[in-house]
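Have the viewer open beside the text, and follow along residue by residue.

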Amino acid sequence: MGKGNSREVDMLHGPLYGKMVAFMIPLFLSSALQLLFNAADVIVVGRYAGGNSLAAVGATGATVALVVNFFIGFTVGINYAVAKDVASGNDEYVSRDVHTAMLSSLLFGSVIGFLGIIGSRGILELINTPEDIIDQAALYLSIYFGGLPGISLYNAGASIVRSIGDTKRPMYYLVAAGIVNVILNLYFVIVMGMNVEGVAIATTVSNYLSCFLMIKAMLNEEGSLKFIPSKLCIDKRSFSEIVNTGVPSAVQSSMYGITNILIQSAINSFGAVVIAGSAAAANVENFMYILSTITGNVMLTFMSQNIGGKKYSRIELVFKSAMIIGIVATFAAGGIIFVFRTPIMSLYSQTPEIIELGCYRLSIIALLTWMDTAMGAYSAALRGLGKAKESMIISVCAICGFRVLWLKTVFRIFRHYFVILLAWPASWILIIVIYYFYYKKVRAGYPREDAVID
């Protein structure tokens, strides 16, 4: 690393609460702005294009979340590899990590984007999307998939700079892209008279803008984080480090997405009005779920640096600090959303039935989402301690298996929207209990005292 980098955060010494909060705030704003891309789509079509258009965009929500979560999961491996090598002081390894991460992310984004474009309608048919909205939903989804290379590269670059504690620049780039997204949404739908294709194009353009700004910044970076296109390669060691943590994390995130698609399929069976109300509420819930993701990012980044620096005595301090901050923030956000759920839902639609259904979902989920944050914190701590595969196995069995079983048994007996919603908190409780005991076992395998570095 270049010495004297003012953007770098010292994660190896001193108190952590202030540093973690300073790390989290820009990261939250960045993630919230990324979600606003989709939220702006939902709000604009709901207010200006009608309930069916809102349902069409909403029907793609679980699929979009699945893909985005895959890329975010993969960048966990990037964050882990870069943060650990930065802490160890090996600039050559860091440079290889950077260029391997960027090339592999470009390849993943391009391949998955292409497959998504040609398979959009098939995906929607698999989840029982109603015939009256499937054409619009497929159009939106195919355009969205066209922006995946941009999404993938942005998230890779953002993960690299965040590994040293720099969360502000990714936020700035998303501010710019978010403003462009909202302006283009309104222009395409209101002025040009376009429908779902207008908001999809706006989102895709915005994703490529944030990607361009991120790459431009990395081209001007100092030291080992500098991006040099001619150095793009797949270094065996770096790729192994990234994949060993990133792929299990991506699979874990994707499996959540797959079970949510199954849940979306169950919701779809209740018709367009329920789909629209549920989609609007889910869009709001996503702003709480990012607190879980952020808590995990903080946990992983600080844990990886301290493990890389052999600061074993700080493992518990990192764990407790991140867990407390994340749970408090998520519960507070849930409380605010619960109190203001009616005016929030009114932003998405003027149809009373849609507003009522959205409020109903928020009244159940909003105050319980802190459990998802606790679950994410445990999972990230295990990744930081080198147990990414084990974390994946636990989550796939406990979360995904449980939710599938819930839909196949409880929901089949009691076919009610309320029963579908209960699948989330019930699965969170189960996995928190399992993670609690497994984390204690893994932590016991690490020293309590710092290693002496020559």
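## Helix packing and nonpolar cores

Y80 is buried, because its relative accessible area is 13%, and a residue counts as buried under 20%. Please keep in mind that this is a predicted model.

Y80 sits in helix α3, which covers residues 61-88. Beyond its neighbours within four places in sequence, Y80 is in contact with E241, T245, L300, S304, R383 and G384. Another pair to display is Y80 and R237: 157 residues separate them in sequence, while their C-alpha atoms are 13 Å apart in space.

Now for a residue in helix α9. L262 belongs to this helix, and with a relative accessibility of 39% L262 counts as partly exposed. Setting aside residues up to four places away in sequence, L262 touches V404 and L407. The C-alpha atoms of L262 and A62 are separated by 8.9 Å, although the two residues lie 200 residues apart along the chain.

Next come the nonpolar cores. The largest one has 59 residues, and M299 and M303 are those with the most contacts inside it. Helix α17, residues 417-443, supplies the largest share of this core, namely 13 residues. Which residues does M299 touch, not counting those up to four places away in sequence? They are V318, F319, A322, M323, A377, A380 and A381. A second, separate core holds 47 residues, including V42, A62, F145 and A200.

| Helix pair | Angle between axes | Axis distance |
|---|---|---|
| α10 and α13 | about 40° | 8 Å |
| α13 and α17 | roughly 25° | within 10 Å |
| α9 and α17 | about 160° | 9 Å |

Start with α10 (residues 272-308) and α13 (residues 352-365). Their angle makes α10 oblique to α13, and the crossing of the two is right-handed. On the α10 side, the contact is made by V273, V274, A276, G277, S278, A281, A282, V284, E285 and Y289. On the α13 side, E353, I354, L357, G358, R361, L362 and I365 take part. Sorted by class, the residues of this contact are 11 nonpolar, 3 polar and 3 charged.

How do α13 and α17 lie relative to each other, roughly parallel or roughly antiparallel? They are roughly parallel, and α13 passes α17 in a right-handed crossing. From α13, the contact draws on L357, Y360, R361, I364 and I365. These meet Y417, F418, L421, W424, P425 and W428 of α17. The classes here are 10 nonpolar, no polar and 1 charged residues.

The remaining pair joins α17 to α9, which spans residues 236-268. Angles over 145 degrees count as roughly antiparallel, and α9 and α17 are therefore roughly antiparallel to each other. Their crossing is right-handed. Q252, Y256, N260, I263, A266 and I267 are the α9 residues that meet α17. Facing them in α17 are Y417, I420, A423, W424, I431 and Y435. This contact divides into 10 nonpolar, 2 polar and no charged residues.

Key:
Residues numbered from 1 in each chain as written. Predicted model: local features only at pLDDT ≥ 70, side-chain atom pairs only at ≥ 80, totals over all residues. Heavy atoms only, no water. Core = buried A, V, L, I, M, F, W, Y, C linked by side-chain atoms within 4.5 Å. Buried < 20%, exposed > 50% of the residue type's maximum accessible area, 1.4 Å probe, protein only. Helix = DSSP H or I, 4+ residues; strand = E, 2+ residues; numbered from the N terminus. Contact = heavy atoms within 4.5 Å. Axes fitted to C-alpha atoms, helices over the stretch in contact; angles between N-to-C directions. Parallel < 35°, antiparallel > 145°, perpendicular 65-115°, else oblique. Left-handed = near helix turned anticlockwise from the far one by under 90°. Nonpolar A, V, L, I, M, F, W, Y, C, P; charged D, E, K, R; others polar.
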